[in-house]
Amino acid sequence: MTIFIFSALLIFTNTIQAFLPKFLKSSESFGVFIPDTQVHDERIARLEKGYTQMLLMGGNALILVFLFWALLTNPKEEHTVYTGLALLFFLLFTSMALYARNHVTLIKLKNTEQWGAGQKERKVVDLKFREQLKLLPNIYFIVPILLNIGLWIYALSQYDSLPSQIPTHWGPNGEADAFAEKSWLSVSALPLMVLIIQGMLLFFNSAMKQSGAKIQVRHKKRSRQQQLAFRKYSSWLLFLVQITVTLLMGYFQLTIIHEDLISSSYTMLATLAFVLIILGAVMFYTIKIGQSGTRIEVHEEDVSQDGVMDIDDDRHWKFGLIYVNKEDPSLMVEKRFGVGWTMNFGHVGSWIFLVILIGSIVLVSLIL
Amino acid sequence: MFIEIEADSTVPIYLQLAHQIIEGVAKGDLKRGDSLPSVRAFAADLGMNMHTVNKAYHYLEEKEFIEIVSKKGVFIHERSVRAATVSDTDRLKKELRPIIGEALCFSLSMEDLQALLTDIVRDIKEGPT
C-alpha cells in the first residue's frame with residue numbers, strides 16, 4: 001500500500017515538474033528574462049518541449065520500473081525506502097541539470113543575438129495596485145494561532161492525567177510510532193511545531209502585501225489583473241494550509257489528551273483528507289492560476305506598443321533561481337522557475353526570518 | 001493609473017516619478033484626496049531604493065501637489081489643482097526660462113512656441129495621439 005502511495009506521489013510531482021514551463025510566464029524561460037519580441041521564438045519552445053518530454057517519459061518510466069521492482073521482488077522495507085529516496089534525488093538532480101543546461105543555452109542565445117536591442121527598458125507601476133489587492137487580512141491567520149495556543153494551555157492544564165509516554169510521531173496507518181517521556185516540554189512539542197508553521201504562514205501573508213507588483217509594459221492591464229488574482233489565490237492557499245494544519249494537528253493533540261478519542265481509522269481518514277485537500281489546492285493553484293496568474297484569461301485589451309520592453313533584471317537572479325536585490329524592499333517575490341514565491345536574499349529581513357525559522361525548528365527538535 | 005519609468009533616461013528617476021504624478025493631477029486621473037502608495041510599496045513595485053520614492057514625494061510635497069500625513073499615508077493635496085499664486089507663477093517663469101532660451105537659439109518664432117504649447121497641453125490632457 002505504502003509503495004503505491006509513494007509512487008503515485010512521485011509520479012504526481014514529476015509530472016507537474018515536467019509541465020512546469022506551461023505554467024510560467026512567457027516572459028521568463030528557464031530563469032532567463034525574454035523580451036516580448038522574442039517570446040514566440042521557436043527555439044525556446046523547443047527547449048521547453050524537450051524538458052517536458054525528458055521528465056515525462058524518462059522520469060515516469062523510472063518510477064514505474066521502481067514500482068514493478070518493488071512489487072515483483074518484494075525487497076526488504078529499508079531497501080525499498082533507500083531506493084525510493086535515491087530515485088527521488090535522481091529525479092530532482094536530473095530536472096536541475098536539464099534546467100541548468102537550458103538556462104545557459106538561453107543566456108548565450110540572448111547575448112549573442114542581443115535580444116531586445118534598440119528597445120527602451122521601462123518599469124511600470126500601477127498607483128492603485130494596493131487598493132485593488134484583496135489579500136486575506138492577517139486576523140484570518142491569527143485566529144487559528146489562538147486556537148492552537150488554547151489547545152496547548154488545555155493540554156498543560158490536563159498534565160496530571162496525561163499518559164507517561166507522549167506520542168511525537170504518527171505512522172501512515174494512523175497509529176503513534178514514536179514516543180517521548182512525559183514532561184512539560186514534550187507535551188508542548190506538538191503545539192510549538194504547529195506554532196512555527198502558523199507563524200511562517202502569517203509572515204508569508206503579510207510579506208506578500210509588501211511584495212512589488214510586476215506590471216508588464218506591453219500588457220499593463222492583463223498583467224495587473226493576473227497579478228491581483230495570483231496574489232489573492234496565494235493568500236487563500238496559505239489560509240487553507242493554516243486551517244487544515246491547525247485542525248489536523250489539533251486533532252492529534254486532542255488524542256494525546258483523551259486517549260479514548262484515538263481511532264486509527266479516524267486518524268487515517270483525517271490524514272488522507274488533509275493530503276488530498278492540499279494536493280487538490282496546489283493543483284488548482286498551479287494549473288488554473290499559474291505563475292503570476294498567467295493561466296487566467298483577461299478580457300481587457302491592451303493597446304499595442306512598440307519599441308519598449310520590461311526591465312531585464314537577470315542580474316538580480318542568481319542562476320535564475322535566487323533573487324538578490326539590495327535596493328528592492330520586497331521580502332517576497334514571485335519565483336521565476338516554479339509556481340509560487342521565493343525570498344529576496346538581498347534583504348536583511350529574509351535572513352532574519354530564515355535564522356528564526358531554522359533556529360526554532362532546531363530548538364524544538366533538541367527539546368525532544 | 002500607470003506610471004512608466006525609463007531606466008536609462010537622462011532624467012533622474014525621482015523626477016520622472018514626480019512629473020508623471022503631476023501630469024496625472026493635471027489630466028484629472030488623480031483627484032484631490034486620492035491616496036498614493038506608501039514609500040515602501042512604491043519602491044517595491046519599482047524594485048528600486050526607497051530613497052528614490054522619498055525624494056519624489058518630498059519634491060511633490062514642497063510644490064503642494066501631495067500631502068504626507070504621518071501614519072495615515074500619502075494623498076493628493078487639497079490644493080493640487082489651484083489658481084496659481086504669485087510664487088507659483090514666479091517659479092514657473094524661472095524654470096521655463098532656460099527652455100525658452102534654448103527655443104530662441106533654435107530660432108522658434110512666437111507662433112512656433114504657441115503651437116508647441118498647444119501640442120503639449122493636448123498631449124497631457126488627452127494622452128499621446
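Reply: A definition comes before the questions: a residue is buried if 20 or more other C-beta atoms lie within 10 Å of its own, exposed if 12 or fewer, and partly exposed in between. Note also that this is a predicted model.

Me: Is B:Lys71 buried or exposed?
Reply: B:Lys71 is found in the loop between S3 and S4 of chain B. B:Lys71 has 4 C-beta neighbours inside 10 Å, so B:Lys71 counts as exposed.

Me: What value does phi of B:Lys71 take?
Reply: The hairpin of S3(B) and S4(B) has three residues between the strands, and B:Lys71 takes a positive phi there. B:Lys71 is a residue other than glycine, and its phi is near 70°.

Me: Is B:Ser107 buried or exposed?
Reply: B:Ser107 lies in the loop between helix H4 (86–105) and helix H5 (110–126) of chain B. B:Ser107 is not a glycine, yet has a positive phi of about 55°. Because B:Ser107 has 7 C-beta neighbours inside 10 Å, this residue counts as exposed.

Me: In what order do the elements of chain B run from the N terminus on?
Reply: Chain B has five helices and four strands. From the N terminus on, these elements run β-α-β-α-α-β-β-α-α.

Me: What separates the centres of domain 1 of chain B and domain 2 of chain B?
Reply: The domain assignment of chain B gives domain 1 as 13–76 and domain 2 as 86–126. The C-alpha trace of the chain spans about 50 × 35 × 30 Å along its principal axes. Taken over C-alpha atoms, the centres of domain 1 of chain B and domain 2 of chain B are separated by 25 Å.

Me: Which strands stand at the edges of the open sheet within chain B?
Reply: This open sheet has three strands in the order S2-S4-S3, with antiparallel pairing. S2(B) and S4(B) pair over two bridges, while S3 (residues 66–69) and S4 (residues 73–76) of chain B pair over four bridges. Each edge strand has a single partner strand, so one side of each is left without a neighbour in the sheet; the edge strands are strand S2 (35–36) and S3 of chain B.

Me: What is the bridge partner of B:Leu36 in S4(B)?
Reply: S2(B) and S4(B) pair in the antiparallel sense. For B:Leu36, the bridge partner in S4(B) is B:Val74.

Me: What angle does the direction of helix H3 of chain B make with that of S3(B)?
Reply: Helix H3 (residues 50–62) of chain B packs on the sheet and touches S3 and S4 of chain B. The direction of H3 makes an angle with that of S3(B) of about 115°.

Me: Which element gives the largest share of the side of chain B that touches chain A?
Reply: The contact takes 21 residues from chain B and 25 residues from chain A. On the side of chain B, the elements that give two or more residues are strand S1 (2–6) and helix H2 (39–46). The residues of this side divide into 14 nonpolar, two polar and five charged. The largest share, seven residues, comes from H2(B).

Me: Which residue stands opposite B:Ile5 in S1(B)?
Reply: Strand S3 (residues 120–126) of chain A and S1(B) run antiparallel and are joined by five bridges. They belong to an open sheet of three strands in the order S6(A)-S3(A)-S1(B). Opposite B:Ile5 stands A:Lys123.

Me: What is the bridge partner of A:Arg122 in S6(A)?
Reply: S3(A) and S6(A) run parallel, joined by three bridges. In S6(A), the bridge partner of A:Arg122 is A:Asp310.

Me: Which residues does B:Leu60 touch, not counting residues up to four places away in sequence?
Reply: The largest nonpolar core has 30 residues, and B:Leu60 is one of those that touch the most other members. The elements that give two or more residues to this core are S3 of chain A together with S1, helix H1 (13–27), H2 and H3 of chain B. Leaving out residues up to four places away in sequence, B:Leu60 touches B:Ala18, B:Ile21, B:Phe65 and B:Ile66.

Terms used. Residues are numbered from 1 along each chain as its sequence is written. Chains are lettered from A and ligands numbered from 1 in the order in which they are written. This is a predicted model: local features need pLDDT of at least 70, side-chain atom pairs count only at pLDDT 80 or more; totals for chains, interfaces and linings use all residues. Two strands pair if DSSP finds at least two bridges between them. Two residues are in contact if their C-beta atoms, placed from the backbone, lie within 7 Å. Ala, Val, Leu, Ile, Met, Phe, Trp, Tyr, Cys and Pro count as nonpolar, Asp, Glu, Lys and Arg as charged, and the others, Gly among them, as polar. Domain bounds come from an automatic or database domain assignment. Axes are lines fitted to C-alpha atoms, for helices over the stretch in contact, and angles run from 0 to 180 degrees between N-to-C directions. A nonpolar core is a set of buried Ala, Val, Leu, Ile, Met, Phe, Trp, Tyr and Cys residues joined through C-beta atoms within 7 Å.
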